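Please look at the sequence and the model shown here before reading on.

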Amino acid sequence: MSAPLLEQLIDALRVLPGVGQKTAQRMAYHLLEREREGGQRLAETLELAVERIGHCVQCRDFSETELCPTCANGSRERSQLCVVESPADRLAIENATGFRGVYFVLQGRLSPLDG
């Protein structure tokens, strides 16, 4: 027999970084008590995002299209390359600096010790 739906919701919320049992419980109760419409929108958007967002074929950033908007932008300086660990790092650099080059997203850390 599978776990009750409330337990499944709490467990599903725990996949998010930094979300433990108590935080997941608070989130689940909040959605069910006060934000059912927001919860429905969250579920629909999450389903679409998981289904439609892939990786850019050039830089490996998240993208809904074969080329992300940055790589598709012809005015970017192609002679400047910024290698970043994650899409979040690319976004932080893009928002905080005037960098006009292109990126390569590793999608994880390089660890010489781990091969």
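Glu-94 counts as partly exposed because its relative accessibility is 22%, where buried means under 20% relative accessible area, exposed means over 50%, and partly exposed is in between, with a 1.4 Å probe and protein chains only. The model is a predicted one, in which local features need pLDDT of at least 70 and side-chain atom pairs count only at pLDDT 80 or more, while totals for chains, interfaces and linings use all residues. Residues are numbered from 1 along each chain as its sequence is written, and side-chain values use heavy atoms, with hydrogens and water left out.

Glu-94 forms a salt bridge with Arg-76, and the closest N and O atoms of the pair are 2.7 Å apart; the term stands for a side-chain nitrogen of Lys or Arg within 4 Å of a carboxyl oxygen of Asp or Glu. Since Glu-94 lies in helix α5 and Arg-76 in the loop between α4 (69-72) and β3 (77-84), the pair ties together parts that are 18 residues apart in sequence. Helices (H or I, at least four residues) and strands (E, at least two) are DSSP runs, numbered from the N terminus. Arg-76 is buried, with a relative accessible area of 6%.

How many salt bridges does a search of the whole structure find? The search finds two, and in the other pair the side chains of Arg-90 and Asp-61 meet at 2.4 Å, N to O. Arg-90 lies in helix α5 (residues 87-96) and Asp-61 in the loop between β1 and β2, so this contact ties together parts that are 29 residues apart in sequence. Arg-90 counts as buried at 14% relative accessibility, and Asp-61 is buried as well, with a relative accessible area of 4%.

The loop between β1 (54-55) and β2 (62-63) also holds Arg-60, whose phi is near 75°, a positive value in a residue other than glycine; at 34% relative accessibility, Arg-60 counts as partly exposed. A positive phi, near 65°, is likewise found at Gln-107, which belongs to the segment after β4 (101-105) and counts as partly exposed at 32% relative accessibility.

A pocket is defined on a 1 Å grid over the protein atoms alone as an open set of points where a 1.4 Å probe fits, with protein on both sides within 12 Å along at least five of seven lines, and lining residues have an atom within 4 Å of a point. Its lining is made up of 15 residues, of which Leu-9, Leu-13, Leu-31, Gly-39 and Ala-43 lie nearest the centre. The elements that give two or more residues to this lining are α1 (5-13), α2 (21-33) and α3 (36-52), and α3 gives the most, with six residues.

On the surface, Leu-6, Tyr-29 and Leu-32 form a nonpolar patch with about 240 Å² of accessible area together; such patches are made of residues with over 30% relative accessible area and no salt bridge, nonpolar side chains (Val, Leu, Ile, Met, Phe, Trp, Tyr) being joined within 5 Å. Leu-6 lies in helix α1 and counts as partly exposed at 33% relative accessibility. Glu-51, in helix α3, is exposed, with a relative accessible area of 57%.

Conventions:
Patch = residues over 30% accessible without salt bridge, like charges linked within 9 Å, V, L, I, M, F, W, Y side chains within 5 Å. Areas by Shrake-Rupley, 256 points an atom, 1.4 Å probe, with all protein chains shown as cover.
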